[in-house]
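Student: I have a model open on my screen and would like to learn how to read it. Could you walk me through it, one feature at a time?

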Amino acid sequence: MTMAFDAKIPEGPLEEKWDNHRFQIKLVNPANKRRFDVIVVGTGLAGASAAASLAELGYNVKVVTFHDSPRRAHSIAAQGGINAAKNYKNDGDSIYRLFYDTIKGGDYRSREANVYRLAQVSVDIIDQCVAQGVPFAREYGGLLDNRSFGGAQVSRTFYARGQTGQQLLLGAYQALMRGVHSYGIQLYPRTEMLDVVVKDGRTAGIVCRDLNTGEVFSMSGHAVVLATGGYGNAFYLSTNAKNSNVTAAWRAAKKGAYFANPCYTQIHPTCIPASDEFQSKLTLMSESLRNDGRVWVPNKMDDTRSPDQIPEDDRDYFLERRYPAFGNLVPRDVASRAIKHEVDAGRGVGPLKNGVYLDLSEATNRLGHDVIEERYGNLFEMYERIAGEDPYKVPMRIYPAIHYTMGGLWVDYNLMSNLPGLFVLGEANFSDHGANRLGASALMQGLADGYFVLPYTIGDYLAPLLGTTPLSVDDPAFAAAEHAIDDQVRRLLSINGKKTVDEIHRELGRVLWDNCGMARTEQSLSKALAEIPAIREEFWKNVCVLGENESRNQALEKAGRVADFLEFGELMVLDALRRNESCGGHFREEYQTEDGEALRDDEHYAYVAAWEFKGVDNEPELHKEQLNFEYAHPSTRSYK
Amino acid sequence: MSNASMRITLTVWRQASADAGGGFETYDVPGVSPDMSFLEMLDVVNERLMHDGKEPIAFDHDCREGICGACGFMINGQAHGPERATATCQLHMRKFRDGDHLTIEPWRAAGFPLVKDLIVDRTAFDRIIESGGYVSVGTGGAPDGNLIPIPKPVADAAMDAAACIGCGACVAACPNGAAQLFTSAKMQHLNLLPQGQAERWDRTVNMVESMETYFGSCTNHRECEAACPKSISIDFIALMNKDYAKAQLKQRRLIGQTFP
């Protein structure tokens, strides 16, 4: 299958690209919008905001989510905040600065035009959310409060206590439910998308499974929008919600959508270390804690003193020592590797020696208990529940964990994949964060895509289709896809092996974390490439899925998702192996500076790696999209 | 942190589907680490069940950080278990003792039909939001976010209400199966803010009427507040009742004009 591979970046100066583009793309007349059916998969920030906005415009919108309610999507768990170039703090922020910080933070592996547009619409997002009633934090004068956030030297982050993701998602969810009430949105909860159907070069619809009844059915439309999140759970242990998965994106990839930069995975530095082998997921502590917290380890290995008994002279504040200018606020990838370095050197703390201290005692003394409680109270409570220690008395212990995935389905400037009619938003696409995402930028991107980008760009695709009817769901193309899903379900239920789905998922996760995690080498990646197919083979021979298809069967659902991780994981490793440089979240040990920092190779690797699926046991084909930097010239990131 | 291993006896409600009959089954659960969350303990039980060729216990869960609102069941008769202000996923086994006998069963309320084992259908909450739990602003054209100053105490109170995670513990804890705490939190978040004023009275009436379609009546037991993992205050129910009474007086069709 040969597909168009054009990023469609508009001509003209950076500042004018989006305006020019909006003027040049085709429009659908307001009265004609109701003639188009759009299917939105996923109800996180990107999916819910897109569905609400498209329905308000007049499109017929169907929304699919595997959750029992759209409000459960994992965007809800984001704690810290959302960036916007409002410059309310008068500290020199601007659209250009947010653009520049994002490009630099992404280690020069994202598109300038996309990132500039993201910075432009960031200011509209805040206004939109305020109008919806999102209860952002306020100052005493009644104006919006901002704080600085990991990796930024200006205060541009808006927040709602430690629950910013929740409040933004509820805003989008409420807009979506208003669409159900007033604009005819049809909502399909507890419905999992399991395939994309492509016919005659266009996306024709999707095939779904009703999770309560096991019924497999098809939906057709003029366009399909995937907003199905990231693939961090490939690693088994991550900060993602337990049900987050790569299935929707991966099955689209198997139908020809290119998967871009899968090796760009973000490790979040401030998570609670694992406590035992039963650990089911890792919990993130917002990196806003790094604003007031100091990260340290004891100078001495195996220092058994309680942390408050260790005097200043016996502590190593290693982020402040190594990065005097940014200190504890260095970007996530830099902080994570520094923490790994200390723990690998045997200076880790806690019962399993698998963490470092994140200490707010100095800030508590300086600002008072009340201020710290106001800022971080809910995070401290959460830490105490999980770790069983009171962070007001004992410093928290933290360690990095998989948190976000910058890679995703390849999209052009219109957020359309190489499959015409298949749009991809939010974390599920690859577009804006390059090789590393800055803190408080995921919420911004999800809402930018859904509220302010897709509603314009989808019209350009739909306008020429006026008068066409979507493919009938009785078409053989849909029937074939439905049969394939029925077959897979029957196969999974008939293996009756000895290992549970989770046991096999943990094995995959261990291979990925050990060999394709925070630090990667040619050797470790080659080892993983050899091991993953064996795990996949064992899965299909020896997995145990009990019960039936016709009623709720969570093990069956999980089995389908793990089957996809077992294929996708291999692509992630292959991408990491082929990228012979270090950049952002992709750190190859062979490519580092004398100081142990990531060493990019701009001459050979300033491209987006877009992989085309060629069959499970065949090597995928690599397509390269060259990245050009006309404004933000690549330089070595330095946070010293 | 403790390395001592606990042994728990677990009695769990098992029901294959809404139509099937259900009943309690009891499992002996040795080797429980105090550092496990309650759901991780259930994961272990499920792994063992599957190795014995038995179907695992179905339960809703997702973020396991106490924010998505997916999880929750009754533990010894208490919604989300014994720890105050804590969702089931954030409850850890160190809160129990070696040898404890725990009975877990799904939310039981007419408004939440059972799906399987511990899973119930909470779609009624979405219906309440659909009836008016939003501010009717379309995308685009919103004024600058700082145009309307909102006093910090007002923003804070709205946030207190908005913290609701929609888990349904309030309904499960209520002897009447009433959803007043959920509905009032979702409503008052918006009714307290300047942005929510334009639709305040319609919102109040519509949400209350939708709520009454699915759920029982409030008779001030206050069990909801005690069960709420986010400590939402029943003061919001009082505010909702006040707004509902006012909304009746402000019925525009009767008076013939709009009152602010």
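Tutor: Gladly. Let's begin with strand pairing: two strands pair if DSSP finds at least two bridges between them. Keep in mind throughout that this is a predicted model. Strand β12 (residues 294-298) of chain A and β14(A) run antiparallel and are joined by three bridges.

Student: Which residue of β14(A) is the bridge partner of A:V295?

Tutor: A:L358 is the partner of A:V295. β14(A) also pairs with strand β15 (residues 396-405) of chain A, in the antiparallel sense and over three bridges. There, A:M396 in β15(A) is the residue opposite A:L358.

Student: How do I read the two faces of strand β14 of chain A, and which residues lie on each side?

Tutor: Count neighbours: a residue is buried if 20 or more other C-beta atoms lie within 10 Å of its own. In β14 (residues 356-359) of chain A, A:V356 and A:L358 are on one side, A:Y357 and A:D359 are on the other, and all are buried, so both faces are covered.

Student: What is the strand order in the five-stranded sheet of chain A?

Tutor: That open sheet runs β5-β2-β1-β9-β17 (chain A), with parallel pairing. Its edge strands, β5 (186-188) and β17 (422-424) of chain A, each pair on one side only. The twist from one strand to the next averages 20°. Within this sheet, strand β1 (residues 37-41) of chain A runs parallel to strand β2 (residues 60-64) of chain A, with five bridges between them; A:V40 is opposite A:V63 in β2(A).

Student: Which helix lies across β1, β9 and β17 of chain A?

Tutor: That is α12(A), which runs at about 150° to β9(A).

Student: And for two helices, at what angle do α14 and α15 of chain A pack?

Tutor: Look at the angle between their axes, then at the distance. Helix α14 (residues 501-516) of chain A packs against helix α15 (residues 522-542) of chain A at about 175°, with axes 9 Å apart. Therefore α14(A) is roughly antiparallel to α15(A), since angles over 145 degrees count that way. Among the residues that meet are A:L508, A:V511 and A:L512 in α14(A) and A:A528, A:I532 and A:I535 in α15(A). By class, this contact has 10 nonpolar, two polar and four charged residues.

Student: Zooming out, how is chain A divided into domains?

Tutor: Watch for a domain made of separate segments. Chain A has domain 1 (14-266 + 404-465), domain 2 (268-403) and domain 3 (476-599). The centres of domain 1 and domain 2 of chain A, taken over C-alpha atoms, are 31 Å apart. In chain A, 23 residues of domain 1 are in contact with 23 residues of domain 2. The domain 1 side of that contact has five nonpolar, 15 polar and three charged residues.

Student: Last one: how many residues of chain A are in contact with chain B?

Tutor: Of chain A, 64 residues are in contact with 68 residues of chain B. Several helices of chain A each supply at least two residues to this side, including α2 (45-57), α4 (112-132) and α16 (554-578). The largest share, nine residues, comes from α5(A). By class, the chain A side has 26 nonpolar, 23 polar and 15 charged residues.

Methods: Residues are numbered from 1 along each chain as its sequence is written. Chains are lettered from A and ligands numbered from 1 in the order in which they are written. This is a predicted model: local features need pLDDT of at least 70, side-chain atom pairs count only at pLDDT 80 or more; totals for chains, interfaces and linings use all residues. Domain bounds come from an automatic or database domain assignment. Two residues are in contact if their C-beta atoms, placed from the backbone, lie within 7 Å. Ala, Val, Leu, Ile, Met, Phe, Trp, Tyr, Cys and Pro count as nonpolar, Asp, Glu, Lys and Arg as charged, and the others, Gly among them, as polar. Helices (H or I, at least four residues) and strands (E, at least two) are DSSP runs, numbered from the N terminus. A residue is buried if 20 or more other C-beta atoms lie within 10 Å of its own, exposed if 12 or fewer, and partly exposed in between; C-beta atoms are placed from the backbone. Axes are lines fitted to C-alpha atoms, for helices over the stretch in contact, and angles run from 0 to 180 degrees between N-to-C directions. Angles under 35 degrees count as roughly parallel, over 145 as roughly antiparallel, 65 to 115 as roughly perpendicular and the rest as oblique.
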